[in-house]
Amino acid sequence: MAQVPMDYGLALAAALFVLGLAGVIVRRNVIFILLSIEIMMNASGLAFIVAGSRWRQPDGQLMFIFILTMAAVEVSLGLALVLRLYHRLKTLDIDRADRMRG
Amino acid sequence: MILAGIIIWLVGAGLLAWLTSSRGDGWPRWITLIALIVQIAFLAGLWIGYAGRSDFTAPGRWLAELDLPWIPALGIRLHMAMDGISLLFVLLTDFLGVVAVAASWQGIRNRLGFFHFNLMWILAAIAGVFLALDLFLFYFFWELMLVPLYFIIGIWGHENRIYATLKFFIFTQASSLLMLAAILGLYFIHGRSTGVYTFDYSGLLGTPMTSVTEMLLMLGFFIAFAVKLPVIAVHTWLPDAHTEAPTAGSVILAGLVLKVGAYGMIRFLVPLFPRATASFSMIAMGLGVAGIIYAAVLAFSQTDLKRMIAYTSISHMGFVLLGIFAWNQLALEGAIVIILAHGISTGALFVIVGDIQGRAHTRDLDKMGGLWSIMPRMGGAGMLFALASLGLPGLGNFVGEFLVLLGAYQVNVPLTVLASLGFIVSTVYALWLVQKTFLGENSRGWKLPDYNLRESGIMAAMIAAIVALGIYPQPVLTTAKAAVEALRAYAPRYHAVLKDDAGSRESASPGKAGGGAQTVAAKAGSRDRIPAENRSTASGGS
Amino acid sequence: MGAIFYISAAVAVAATVGVITRYNAVHALLYLIVSLLAISLIFYILGAPLAAALEAIIYAGAIMVLFIFVIMILNLGPQAVRRERSWLKPRMWVGPAALALILAGELVYLLESGPAGAQAGTASVGPEPVGATLFGPYLLGVELASLLLLAGLVGAFHLGRRETGEETAGEQEIQTGVAKAEGAAVEEPGAALGGE
Amino acid sequence: MSGADFVGILPLAILAAAAVLVILVLSVYRSHLLTCILTLLGLVAAAASLPVAASVGPRGVTILLISDGYALFYTGIILAATFSVTVLSYVFLRSRPGRREELYLLLLLAALGAAVLVFSSHFASLFLGLELLSSSLFVLIAYPRGILNVEAGIKYLILASVSTAFLLFGMSLVYAQLGTMEFARIATAGRGAGGAILIAGLGLLAVGLAFKLALVPFHMWAPDIYQGAPAPVTAFVASVSKVGAFGVLLRFFRLAGVQGHGHLFLVFTLIAIASMFGGNLLALLQGNVRRLLAYSSISHLGYLLVAFLASGALAVTAVTFYLLAYTATIVAAFGVAVLVEGNGAAGAIADYRGLFWRRPWIALVMAGALFSLAGIPLTAGFIGKFYLIGAGAGSSLWLLVLALVISSGIGVYYYLRLIVIMYLRPQQTAPEAASTHWSGSLILGALFLAILWLGVYPAPWIDMIQRNALLK
């Protein structure tokens, strides 16, 4: 992709990654944290596609597919845990989940 | 196999004591006591047997040796050997073990099995330290020693024991790990230069290295030994540990744990790093003399009996340090005699303090007085050991300190003069101790039972030992002589280096500075000859 | 072509900022879907049509639906209706809609101008080589991914299973303790998801 | 894939087959004991296949996996630890209500994930192995579905996912820079290449793995997870997942040549020092046994980094031996937790006070484990720590060696304090006895003997490591 240098693609991925990370750090609601994690995963997937496109290899897309699989597993487990947490605590605030302290 | 047997015997007895403790309180006590006495008898037999041998006084011979592969991948061997010094020290270990067991007969009432297990564990580890010739093995026993001591102070100690164990632990652990680093440094330097990676003592002797490296490695060892000894400035853990330890813990601590540091210096520090120790010797001797005086003055100002005796220990260990770094025949033999005599006399003093505390429930010097009148037997023993501590001729400590001063005089006159000041201060504190506790009038109206048969027995044994050492030290000197000569041969140029460094100070009497025997050794042993000698040393065991 | 990349990138970033700054879960989810669609478009431009399709179908489709599903489960009751009404105010959906419109425009333009990569002179890596590699050297990866899905399946099944009165006394204690600690301020179910 | 290729990964195949078998059996017949036995048989069969797999020699199996002595040895450690954890789980679950059988299935899958990690020679397999491990762990940690478990599970899920994202992003940067994801080719392609992006990629990759290993400053999850997870799962987290993650970390960075990248080396050095001191100092403040062990494990991973940063064959031997010693030790410690902790708060000190008086043999095992963690002679930890320091000294990493020396000196203190607590007089109200079963005692006894064996006569193990488990 002559008009789109690889670095720009990576820069976009990095921007999204950082936004996702910021979301994880700033948000306290577990649902939002999971969404932010999805953003980070997706950014990594984008970076793989960009890299694969640079080398004209299918490997980047393969990694993306694996990431997709992983995201599906992780979201389903995460949401199952969220439901269970909500069932117990009646809140999704991660800071309320603090029954363990040193 | 004898050597491994010594250690296994102790550990086995400890385990047996632990396992049988549920059957009754008598079991662990008698088992450990009998095991120790049997071992003493066995070692005494060995000693007599060796003394009859023609090569008993020939340097460079091990009396017994054990050398098996252990972790070949790292060049670690199960190498233990015994020479005269080791023999004497192992005997001291067992003797003080008996004292510790006997002294805890009534003082320790709970968790007896575990207590005696720990006691035997310490003794085994200390005996291991005295016998190990592989640096890894040495470190192994060295570390092993700490744990039971921690338990003895931490579980059976007095009120403030947590603080004391913390301090004790930080000091000893940090310093021994420094030694580990130094051991490894030596291992790799030796391995790189010769291609042989080994932890073996005789293999590592004479490792070529630059003087800076040698100095750094030497300091690594020195700090570990200095903390144990303890040398002034790193001594602060000792009074606290002593104060909180039960009687048996104090006996072991003062009688054996401190000696391990001295033994390490004699066996490993100087022979492995002859040049570095020689250039360091003035500082070390200075530290020794400072310790003698400083600790003696501090001892005088204590009101807690145990603390006071702890400080006198530091003072006495100053003499040992002085003797070791003077590194001639007289001084070294003197240091060894001090180690034995101090082990007995201070051990006895701690036992006496323990007994006072057991009866009067205080160790405060200001609350005592006139105890002689109600407890004449204890008073007599206390008096005798206080006098031994001040260096009364005829008792063991005097012989040792006199020899050290004699030896040190040949090396450095001013320091020797200062050190002999220690005699004066120690006279003051020892008499002060006796005055405050036993003499004077019983203003508090103490009514305490005197020593019973068991306690009198302990004291009698210790008095016999200290008097024997004072009146007829020759067997001990003969036993140590060959070993000391062999060790001195490892550092043949020690005094030459010393002279180069401190030539100006000693210019007054060059003939004297070299001393008698050691100049001969210095001239006889050129550097090239050392490895050959080591090999004969290593192979010449039983 | 470059312009489309930049516009899509801008949309993706803007939508992502939207995701992490919204208070409302559904709203954030809408933004996230837009962001995913924008990235899907970028995949297409980068010559990865299969990945683009998967991004739209599985990510924006299936996975996000899971989220909505859970959010809906947590939003039962009359409060939810009120909330629903507030969600339908224009300012809630106009942002995502505008961004989505931009993407739609790009998509139309791309479809008009022919297959991706063709006019840019770079070969796109289409589904065929991807499939061949996936079931060639990466075969073990597929196997592992299947086991991963198995783990997810079993795990979600176990965690999500309905209680059958098996709570131990200890747990109930903790629960009542929590309820007491939070006092009367036990939040209504929907409040957990925020809302403006 | 040829037949020999298949033989090379036979242990993995057997683990996967065991997992499938377990789920098939579960669908027709639920039995706690049967599931447990099937799992154990699967693990034993996988272990028995290790020599068979070794017979086909070091070989790459497709581009994703490599079957060599190193991988097989680490797999052996993983299998042994999983075996112990499985038995402990049986003891743990016996007295608890609810469905228990899925736990074994997930244990098998997690063990498979860890084994894939140590076999992996490609980013894809590294990633998939890690995810298989983590995903199973999310559920395992929350398995009893109590409030603490779920909290711990969610925390682990969030942090593990973030770390995976870091890992993935790092991988993609490396891939973008070098055009390959195979370790060996990355090593050759990366030799000359410098470049900020490559360094950033390797750094992010390292961060991702450091999260899994709970190295400072990525350690925040560890105490909560150790406390919140059921005791056998904690043992698993502390042992198997660390072995897997460290195994691949060592393999990858040894190939990629961490010494070659000065910045990376510096970062790892700082992480190591921070982990050693952070773990040990924070452990000093803990009043909960599980949290204490969590912080202690942070510091132990820090120790491992010392040898990781050292060069030469000695370093790999040291790491492998230490991991072996550490695994036996930590599984023993948490095994004691399974047998000791009542239904109160997990890791409460009250459960351990006076343990020597109530259950002397179990207390002895715990004391052995704590001695080993402290590095006291006669135990595995002593030889292991000696090895690590030796490896560090051999590469003249004096700063790291000094940090190790000082921080482990601090560490000894709190281990011994815990032993003293076990020796205090029990309180009036003794905590109720937790689950017991002869199998649990048997496993603990075996682990105790292993700790002693490794500490007293490690020569055969070291030989085995040196013959098999060296990276080229």
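Author: Chain B is divided by the domain assignment, which is automatic or drawn from a database, into domain 1 (1-272) and domain 2 (280-542). The model is predicted: local features need pLDDT of at least 70 and side-chain atom pairs count only at pLDDT 80 or more, while totals for chains, interfaces and linings use all residues. Residues are numbered from 1 along each chain as its sequence is written, chains are lettered from A and ligands numbered from 1 in the order in which they are written, and side-chain values use heavy atoms, with hydrogens and water left out.

Taken over C-alpha atoms, the centres of domain 1 of chain B and domain 2 of chain B are separated by 20 Å. In the contact (heavy atoms within 4.5 Å), 59 residues come from domain 1 of chain B and 61 residues from domain 2 of chain B.

The size of an interface is often given as the accessible area lost when the parts come together. Here, buried area is the accessible area (1.4 Å probe) that two parts lose on being put together, summed over both. Between domain 1 of chain B and domain 2 of chain B about 5000 Å² is buried, and 75% of this lies on carbon and sulfur atoms. Of the area that domain 1 of chain B buries against domain 2 of chain B, 12% is supplied by Ile232(B), Ile266(B) and Val270(B), more than by any other three residues.

Across this interface the rule finds 1 salt bridge, defined as a side-chain nitrogen of Lys or Arg within 4 Å of a carboxyl oxygen of Asp or Glu. Arg307(B) and Asp240(B) form a salt bridge in which the closest N and O atoms are 3.3 Å apart.
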